[in-house]
Amino acid sequence: MKHIETIASHGAESRSYEGAVSFPIFQTSTYAGSENFSYTRCGNPTRNELEQTIALLEKGTYGFAFASGLAAISTVFSLLKQGDHVLISDDLYGGTYRLIEEIWSRFGIEFTFADLRDLRNACVKQNTKLIFAETPTNPMMKVLPIRALADLAHENGALLAVDNTFLTPYLQQPLTLGADLSVQSGTKFLSGHHDTVCGLLTTSSVEIAQRVSLIQRTLGNALSPFDSWLTLRGLQTLPARMEVHQKNARAAADFLQSHPRVERVYYPGLPSHEGHELMKQQSSGMGGVLSFALKDEDVMPVLNGGKLFRFAESLGGTTSLITYPQTQTHASVPRDVREKIGITPRLLRLSVGLENTDDLIEDLEQMLQQKTI
Ligand SMILES: Cc1ncc(COP(=O)(O)O)c(C=O)c1O
């Protein structure tokens, strides 16, 4: 059995094309006389290589690559039908919230948002067909119990899908903890260089895989050959990058925690974080994302003041980013819902990159000195 670093750097290598060491980009829409491929919406060798690689990394059997993380998540919801109920974490990426409110709720699928850290909040109904859990959650970094949620789903004849974007299979493998589907925005750590938008979905169930394959071919939401190649290229360095991301994130969390202008730091790698012990059980690392709340509301000079931390919406790339959830990633979430979860005007989110640790701390230090005059 190959280790994860070896799979990431070599890929699935399902077939060898003329000895090419970098898997080729099959930039073709159609195929004449191929035994395996007919039309790229339905299948493409480069995408196929990525799909097999992500399946191996997630310790699943079947992998699928989509045009974005949201396309992958939307495919999960496409497994449902009118009248089905979904139990979903209350703190989650704002785009997923918009997908639910603006699209899927209108097709007669019912959603209940709940704080799934505590299963007593998990109001499973007779028609519950899916539990959907982001863990750690975006942006409050709540840690949800994957195994317990899988048991709860299965006792009630439902599926568990986990959004694994923040940790990637290098640090967390939801399928090995009982989840039926692992889904992620490959735009983030998986591709890892702020240059690709993509989504991945993995499962070990043949029934789910057949249905997902049909949805992918029919909705036409699969990843392009070139973006599949970029993601494969990014994946080769995923393990090495994740180690540096989390080392730098821990240093940033320690620094912020001791800073007089910071009220609270949300990073599961801190022993004081309420999800720290659970993370240690279900993940092999703490990831490279953290959020923090300032004591004051003078956030714009801090957001704009970074020399290394660029003020931009995304995470998981080589360069560090600072994000304002209220107006960026979570702008689609209504204000009262946001504030209930903890997404206040004082909350900022960091994606800690691969720069030198001391340089990053120096940048944070000067950013926190920035104030409106
Ligand atoms: C946790 C999480 N899931 C899904 C998505 C959506 O991914 P994409 O932007 O690739 O559609 C994001 C995007 O930020 C995210 O943070």
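Tutor: N221 is buried, with a relative accessible area of 12%; buried means under 20%, exposed over 50% and partly exposed in between, with a 1.4 Å probe and protein chains only. The model is a predicted one, in which local features need pLDDT of at least 70 and side-chain atom pairs count only at pLDDT 80 or more, while totals for chains, interfaces and linings use all residues. Residues are numbered from 1 along each chain as its sequence is written, and side-chain values use heavy atoms, with hydrogens and water left out.

N221 lies in the loop that runs between helix 7 (206–219) and helix 8 (225–235). Helices here are DSSP runs of H or I with at least four residues, numbered from the N terminus. Apart from its neighbours within four places in sequence, N221 is in contact (heavy atoms within 4.5 Å) with F66, A67, A71, T75, I215 and Q216. With one of these, T75, N221 also makes a polar contact from side chain to side chain, at 3.1 Å. Such a contact is a pair of N or O atoms within 3.5 Å; within protein, one must be able to donate a hydrogen and the other to accept it, and residues adjacent in sequence count only if both atoms are side-chain atoms.

The ligand may be considered next. Helix 3 (residues 69–77) gives the most to the shell around the ligand, with 3 residues. An oxygen atom of the ligand is 2.9 Å from a polar backbone atom of L70.

Methods
Helix = DSSP H or I, 4+ residues; strand = E, 2+ residues; numbered from the N terminus.
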